[in-house]
Protein chains: 2
Amino acid sequence: MSEVHVARRALLRERCSATAAKDGPPDAVLVTRPANIRYLTGRPPYGAALLIGPDGIDTLLGPASDDTPHHEPGSHHDDELRTGRLSNPEGDTAVAAADLAATAGARLLAVEEHHLTVARHRAMASVASGLRLAALDSPVEAQRVIKDDEEIAALRIAAEITDQALGELLESILVGRTERHLALELERRLIDHGAEGSAFPTCVATGRNSGLALHRPTDRRVEEGDFLSVRLGAQYHGYRCQIGRTFVIGTAPEDWQVELYDLVFAAQRAGREALTPGMACSDVDRATRQVLKGAGHAEALGPATGHGVGLEIGEDPRLSPGAMGKLDACVPVTIEPGVHLPGQGGVRIDDTLVVRPAADGGPELLTITTKELLAL
Amino acid sequence: MSEVHVARRALLRERCSATAAKDGPPDAVLVTRPANIRYLTGRPPYGAALLIGPDGIDTLLGPASDDTPHHEPGSHHDDELRTGRLSNPEGDTAVAAADLAATAGARLLAVEEHHLTVARHRAMASVASGLRLAALDSPVEAQRVIKDDEEIAALRIAAEITDQALGELLESILVGRTERHLALELERRLIDHGAEGSAFPTCVATGRNSGLALHRPTDRRVEEGDFLSVRLGAQYHGYRCQIGRTFVIGTAPEDWQVELYDLVFAAQRAGREALTPGMACSDVDRATRQVLKGAGHAEALGPATGHGVGLEIGEDPRLSPGAMGKLDACVPVTIEPGVHLPGQGGVRIDDTLVVRPAADGGPELLTITTKELLAL
């Protein structure tokens, strides 16, 4: 893995030095966003700051406390990365890194203005007076969009774990159990199957809560006739996937349930089928959205119908009406439409897929749990 | 509860208008830090921005998605708070609030520079050209330090739940179970007993991992002779408490284990006994720290030996050598020293207590699980 991280940092350095900023290219770059640090170093990023130095030397500065693990599972030594810790327990790694950059002769330091707070930025500016700070757009986030084979392999395992956890839950008795308990049970099963943890807080929504995208599990118990919508994902080697499914509890679904399910299923399929390299992100969103719009459910949709996944659960690209850019091959995304009818409930269906050219068989579905409407 | 929130906002407004900033007092205040929004409104703060307006009107702006719950458990209607949602799903609530402030006639808007990113701050500055942005130090955080009876009651329940969850675990068989599973089990029990969730990620550390403050549970199994250190806390009505205990697994502890335990216990007791109104925060830290220093374990200590708790798990005051300020009555804090011997393991003992004057019986211990060294 370590050569991978060295190469990623080399690419970042190259991209930044080619920047046509009004101040010219920066001669040093400071990375503080945790997922970006992890991507570029393979190290746990808690409270750290990564300086891509003016002298060709990269330094990862950690906080003073010696308590955090030094290596993640599967990581190897990276000889080209210097590491250090602050001696002052109250110190700020970004401020110390700015000082280090100035000492190493940097004059223009590019920083992640979308991550640094105003207060930290000001403290950095005041500590190193000869140093100017510039905005680093989001080159690391851009680098992270297309995944390499090892990253996709980690996502594939995360999805397998997720499918297993969900499959086991479906075999158990659900009626009478609370949303909270079902969510905890799913999270336990993710760990049982080898996940580092949940990719995001597990969502279990029953009855009139079903179909809500951001619902937080309550003490409501599963009842006969409910829609039950679940959304979960495993994290494996840092990579996070997402699945969402909706079931009917008890005997046979009612007509409105079947209709709504079929509609969301059709929308989700339309989105999946639109996933080809070169397709505009907004067009994928439109493919999903227009099915629901046609049925009068335009209002029920959130701002996006999918998003990239990787070291974070919500990454670029975003699949929304206002999204810019086109899809590339080897970009993992979710397709996740849903309709919630207030007071009644609803349906969500989420998959994680990797964009692939038609010649390679089209989009690779990672989350393979059935999307038939199961009556449990 | 709603009158409480109205009064909290009135106090904030009063404090801000008395500010002797170089630009004069701000005529509007924007609050974006989630815990601060919750403190001032009782509402879920996800992605929201709270404008304390120049016209005496307070407005809580939420994101466009209609998916978040509108009320937290136990909250009531607050007639004096206007609420709104963005119409643009891609919009930023802070930027919209700045616009609203300018429209309402504000000329100087105080913002939380310790929370806002540089990028959001810039977007706010550009949207409302007649409006200047000033730094709002941390008046809401300062208001949050001393808790009222209702807040302390919530913390007391959180601590009860935590003690129950921990007590049940101690009655079960521990040998052979992994850190990960024990942590999940504790989290499930917190929910069983009525917690909204964990106050922070539960830490279970065995053997050579024991005594690490920020250890993340691994697949290591509990073995005979291990130290087992756990750290957990419930969240109840938004309020978070913390307990930490260390046990010995199996028959009788070894001598070094008893010695180390007694030492950390003595340090923790010294810290607890130093908790009186008017005591300097750094002196409480010193009381804890000097016991360990005297035994040659100064290096093993982290930067702080305790901190405030409330809507966040790490709040003001901080109990550390560099801390400023003194304790007040009705301030809940943790006392949490620990010593980790690399390669060997260690001990942590954490309590949550409320500072009370000696006339009221001294510090109120919320987390009452025994601190004897139990051999399990």
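This is a predicted model: local features need pLDDT of at least 70, side-chain atom pairs count only at pLDDT 80 or more; totals for chains, interfaces and linings use all residues.
Local features require a pLDDT of at least 70, and residues are numbered from 1 along each chain as its sequence is written. Chains are lettered from A, and side-chain values use heavy atoms, with hydrogens and water left out.

In chain B, strand S8 (residues 203–206) is covered on both faces. B:Cys203 and B:Ala205 on one side, and B:Val204 and B:Thr206 on the other, are all buried (buried means under 20% relative accessible area, exposed over 50%, and partly exposed in between, with a 1.4 Å probe and protein chains only). Strands here are DSSP runs of E with at least two residues, and helices are runs of H or I with at least four, numbered from the N terminus. S8(B) pairs with strand S9 (residues 227–232) of chain B in the antiparallel sense over four bridges; pairing requires that DSSP finds at least two bridges between two strands. In this arrangement, B:Ala205 stands opposite B:Ser229 in S9(B).

Two loop residues were also examined. A:Pro89 is located in the loop between strand S4 (81–85) and helix H3 (93–103) of chain A, and A:Pro89 counts as partly exposed at 41% relative accessibility. Between A:Pro89 and A:Ala64 there are 4.9 Å in space, C-alpha to C-alpha, although the two are 25 residues apart in sequence. B:Ala104 occupies the loop between helix H3 (93–103) and strand S5 (108–111) of chain B. With a relative accessible area of 33%, B:Ala104 is partly exposed. B:Ala104 and B:Glu254 are separated by 150 residues in sequence and by 70 Å in space, C-alpha to C-alpha.
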